[in-house]
2 protein chains.
Amino acid sequence: MATTTAKRGRPRSFDREAALEQALRLFWERGYEATSVADLTTAMGIRPPSLYAAFGDKGALFGEVVDRYRESHGAYATRALAEEPTARAGVARMLREAAAMATDPDHPWGCLLISSTVNCTSPEVTGAVRELRNANVRALESLIRADVAAGHEPAGTDPAALAQFTAAVVQGMSQRARDGATRAELERVAADAMRIWP
Amino acid sequence: MATTTAKRGRPRSFDREAALEQALRLFWERGYEATSVADLTTAMGIRPPSLYAAFGDKGALFGEVVDRYRESHGAYATRALAEEPTARAGVARMLREAAAMATDPDHPWGCLLISSTVNCTSPEVTGAVRELRNANVRALESLIRADVAAGHEPAGTDPAALAQFTAAVVQGMSQRARDGATRAELERVAADAMRIWP
DNA sequence: TCATTTCTGTAGTGATCGCTAATGAAATGA
DNA sequence: TCATTTCATTAGCGATCACTACAGAAATGA
């Protein structure tokens with residue numbers, strides 16, 4: 001594994017996790033393609049050979065950044081859907097927290113999974129992150145469908161349509177945050193979006 | 001003006017409008033930054049000096065592309081809001097047509113004004129197009145406000161919130177289209193979004 | 001102590017970026 | 001005809017792209 005601690009030879013002189021966090025911030029703010037390896041090494045405080053030895057290449061580093069993002073800043077969505085008693089309550093909480101996350105002044109605005117691979121020339125990178133987004137839509141649809149089957153939602157509920165609508169709103173909120181929309185404005189968008197539930 | 005016909009000297013040997021349309025397609029599909037001048041000259045069928053003589057530089061060419069887009073593929077939104085009798089009817093039509101436009105197989109998916117400058121390193125280009133988006137939100141808010149004042153919408157209507165919500169949905173639909181959402185799926189999103197109107 | 005292993009810093013690689021100098025070709029007006 | 005004007009072509013500018021060969025430095029086990 002890339003994260004195992006070396007037992008022999010000269011030890012790494014930088015904090016791998018701290019360097020990864022710097023890379024995450026940079027990719028979040030500028031996107032995959034617009035972030036150069038020179039930008040990364042400067043922000044991470046290391047030289048190119050150290051980056052390549054520790055992370056492979058730019059694409060593999062971005063892959064680790066995506067994983068780290070999903071387990072940290074992006075984990076609120078999975079948590080909201082898993083912890084709330086119904087899909088409806090989960091989506092409401094997810095949208096509410098998305099408004100707060102996307103406008104948090106402590107980190108770049110918007111969602112890394114949504115913005116960082118827009119206009120990316122690498123089909124592999126673009127496709128991998130797109131697949132994560134589309135998988136999230138399918139997972140949400142399944143969650144709603146299960147809730148309808150269990151009688152937690154009205155029989156007229158359309159799981160696919162609700163999932164698509166929710167995805168569009170979340171992704172639109174991310175873009176609006178990048179354009180300067182405030183947390184209050186996006187919380188209002190989130191609350192309005194919930195009114196379409198049957 | 002850049003569009004006036006030359007009266008003396010060797011005439012231009014290519015169709016400026018046709019070349020501009022090719023540039024529009026490329027910028028629409030790949031975004032501003034990921035489209036290189038070499039890509040552009042190949043698609044436009046000209047050599048770099050001809051591009052620079054006719055359009056200035058890459059940024060100016062993109063500016064003309066944006067203008068052309070707003071007057072062609074992007075004009076449906078302004079038309080919808082201007083031609084329908086109420087803001088509500090205008091927004092409903094705009095969202096419906098946005099679903100069709102964003103998934104039209106005859107051109108790149110999504111909206112050029114929304115996607116082409118995401119992750120762009122030029123503050124001028126990014127800022128100019130962001131301002132167009134934000135101006136559209138403000139214009140929609142004013143339209144709704146005027147409609148409320150004229151009694152065409154219920155007194156409880158919140159123009160700013162409705163404009164933000166509509167902007168988020170439109171921008172989310174563009175992103176979903178780029179991820180492969182179908183016209184029918186986005187038309188359903190558009191129809192659902194209208195249900196939040198009072 | 002010393003060979004082995006792994007990391008770090010210097011200094012690049014070839015490719016591509018946006019852009020342009022220089023020259024010749026094709027039109028005009030006089 | 002012929003000077004003038006404008007465009008097209010070739011070729012290449014310096015800067016930056018992702019990435020790496022190489023050598024020295026710092027740890028290990030024997």
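Me: By class, how many nonpolar, polar and charged residues does the surface near DNA strand C have?
Reply: This is a predicted model, where local features need pLDDT of at least 70, side-chain atom pairs count only at pLDDT 80 or more, and totals for chains, interfaces and linings use all residues; side-chain values use heavy atoms, with hydrogens and water left out. Residues are numbered from 1 along each chain as its sequence is written, chains are lettered from A and ligands numbered from 1 in the order in which they are written. Ala, Val, Leu, Ile, Met, Phe, Trp, Tyr, Cys and Pro count as nonpolar, Asp, Glu, Lys and Arg as charged, and the others, Gly among them, as polar. On that basis the surface near DNA strand C has eight nonpolar, six polar and nine charged residues.

Me: Which residues are the closest to DNA strand C?
Reply: Near means that a heavy atom of the residue lies within 4 Å of the strand. DNA strand C is surrounded by 23 residues, and the closest are Gly9(A), Ser13(A), Val37(B), Tyr52(B) and Lys58(B).

Me: Which helix gives the largest share of the surface near DNA strand C?
Reply: Helices here are DSSP runs (H or I, at least four residues; strands are E, at least two), numbered from the N terminus. α3 (48–55) of chain A and α3 (48–55) of chain B each supply at least two residues. The largest share, three residues, comes from α3(B).

Me: Which helix gives the largest share of the surface near DNA strand D?
Reply: Here too, α3 of chain A and α3 of chain B each supply at least two residues. Lys58(A) has a polar side-chain atom 2.8 Å from a phosphate oxygen of DNA strand D, and so does Ser13(B), at 2.8 Å. The largest share, three residues, comes from α3(A).

Me: How much of residues 36–55 of chain A is helix?
Reply: UniProt lists this span as "DNA-binding region" in an unreviewed entry; its positions are given in the numbering used here, feature names are shortened, and annotations may be inferred rather than shown by experiment. The end C-alpha atoms lie 15 Å apart.

Me: Is Asn119(B) buried or exposed?
Reply: Asn119(B) is in the loop between α7 (112–115) and α8 (123–149) of chain B. A polar atom of the Asn119(B) side chain lies 2.6 Å from the backbone oxygen of Ser115(A). Buried means under 20% relative accessible area, exposed over 50%, partly exposed in between (1.4 Å probe, protein chains only). Because its relative accessibility is 12%, Asn119(B) counts as buried.

Me: Which residues touch the most other members of the largest nonpolar core?
Reply: A nonpolar core is a set of buried Ala, Val, Leu, Ile, Met, Phe, Trp, Tyr and Cys residues joined through side-chain atoms within 4.5 Å. Leu61(B) touches, among others, Phe27(B), Met44(B) and Phe55(B) (heavy atoms within 4.5 Å), not counting residues up to four places away in sequence. In this core of 119 residues, the answer is Leu61(A) and Leu61(B).

Key. A polar contact is a pair of N or O atoms within 3.5 Å; within protein, one must be able to donate a hydrogen and the other to accept it, and residues adjacent in sequence count only if both atoms are side-chain atoms.
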